[in-house]
Amino acid sequence: MIQDHFLTLFLFSVLVALFFATLNHRDRRGFWISAGKTLGWMVLGSLALAYLMFWTGR
Amino acid sequence: MTESFPRWKAYGVSLLTLLVPGLSHWFIGRRARAGAFFALVSGTFLAGVLLHGGLFPFSSMNWLFRLGSVAEMGMGAPYVLGRALGWGRLDLLDTADMMFGYGNTFLVTAGLMNMLLIMDAFDIAVGRKE
């Protein structure tokens, strides 16, 4: 179940990161940097929020 | 740089994305980006449908669902087609489904992405963006 949550979150983050990188990039390098940054922030931010909810909900 | 369109034509061209995601960019000459946008926005929409998200009607009693329907309408033709085919029809049992919330998020995001594409295509068409 946790795996389903994580995979869905990851898929969502990948799609959004690639979308914004495609929208804003000027060159190939810029594209991957933008996608990597967005993906990293989305995944880490979501995990941080999930753990915060888990710890405060106990 | 793309030759800029007259303003009235730019409005028409940018709204083509409501028929097929990325069609405006294709028409403007950004073929590679158009393909990527088509794959990404359609993929997000399809994932939302497969995850049992709801395609909300504007007449929903719940104001949050009504707000969601405005965002989802940004998809244009796929939203209308999906509603006509009965995809994402709200069922009380679906709301208890673990993936219902995720499906909604995907569908709402796909609509909002498509709205951004309309604005981006307009900016390119009038020469405001390269």
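1. What pLDDT does chain B average, and what percentage of its residues score at least 70? This is a predicted model, and chain B averages a pLDDT of 89. A score of at least 70 is reached by 92% of its residues. Confidence in chain B is lowest in helix α1 (residues 7-14), where the mean is 91. It is highest in helix α3 (residues 31-50), at 95. For the model, ipTM is 0.87 and pTM is 0.89.

2. Overall form of chain B. The chain holds 6 helices and 0 strands. Read from the N terminus, its elements run α-α-α-α-α-α. The C-alpha trace of chain B spans about 50 × 25 × 20 Å along its principal axes. Chain B has 130 residues, and 44% of them count as buried. Consider its contacts between residues at least 6 apart in sequence: 72% of these join residues at least 24 apart.

3. The helix pair in chain A. Helix α1 (residues 2-24) of chain A packs on helix α2 (residues 28-57) of chain A at an angle of about 150°. Their axes lie 8 Å apart. The crossing of α1(A) and α2(A) is right-handed. On the α1(A) side, the residues that meet α2(A) include A:Leu9, A:Phe10, A:Val14, A:Leu18 and A:Phe20. On the α2(A) side, they include A:Phe31, A:Leu39, A:Met42 and A:Val43. By class, this contact of α1(A) with α2(A) has 13 nonpolar, 5 polar and no charged residues. Among the residues taking part are A:Ser13 and A:Asn24 from α1(A), with A:Ser34, A:Thr38 and A:Ser46 from α2(A).

4. The contact between the chains. Chain A gives 9 residues to it and chain B gives 14 residues. The side of chain A that touches chain B has 7 nonpolar and 2 polar residues. No charged residues occur on that side.

5. The largest nonpolar core. It has 37 residues. Those that touch the most other members are A:Leu18, B:Val41, B:Phe106, B:Ala110, B:Ala121 and B:Ala125. At least two residues of this core come from each of α1 of chain A and α1, α2 (23-28), α3 and α6 (100-125) of chain B. The largest share, 12 residues, is supplied by α6(B). In soluble globular proteins, nonpolar side chains tend to be buried together.

6. Where does B:Ala110 make its contacts, setting aside residues up to four places away in sequence? B:Ala110 touches B:Val41, B:Thr44, B:Phe45, B:Gly48 and B:Met75. One of these, B:Val41, is also listed with B:Ala110 among the core residues that touch the most other members.

7. B:Leu46 and B:Gly103 are 57 residues apart in sequence. In space, C-alpha to C-alpha, B:Leu46 and B:Gly103 are 9.3 Å apart.

8. A backbone point to check by eye. B:His52 lies in the loop between α3 and α4 (63-73) of chain B. B:His52 has a positive phi of about 65°, although it is not a glycine. Most residues other than glycine have a negative phi. B:His52 has 20 other C-beta atoms within 10 Å, so it is buried.

Notes: Residues are numbered from 1 along each chain as its sequence is written. Chains are lettered from A and ligands numbered from 1 in the order in which they are written. This is a predicted model: local features need pLDDT of at least 70, side-chain atom pairs count only at pLDDT 80 or more; totals for chains, interfaces and linings use all residues. pLDDT is the predictor's confidence in each residue, from 0 to 100. Helices (H or I, at least four residues) and strands (E, at least two) are DSSP runs, numbered from the N terminus. Two residues are in contact if their C-beta atoms, placed from the backbone, lie within 7 Å. Ala, Val, Leu, Ile, Met, Phe, Trp, Tyr, Cys and Pro count as nonpolar, Asp, Glu, Lys and Arg as charged, and the others, Gly among them, as polar. Axes are lines fitted to C-alpha atoms, for helices over the stretch in contact, and angles run from 0 to 180 degrees between N-to-C directions. A crossing is left-handed if the near helix is turned anticlockwise from the far one by less than a right angle, and right-handed if clockwise. A nonpolar core is a set of buried Ala, Val, Leu, Ile, Met, Phe, Trp, Tyr and Cys residues joined through C-beta atoms within 7 Å. A residue is buried if 20 or more other C-beta atoms lie within 10 Å of its own, exposed if 12 or fewer, and partly exposed in between; C-beta atoms are placed from the backbone.
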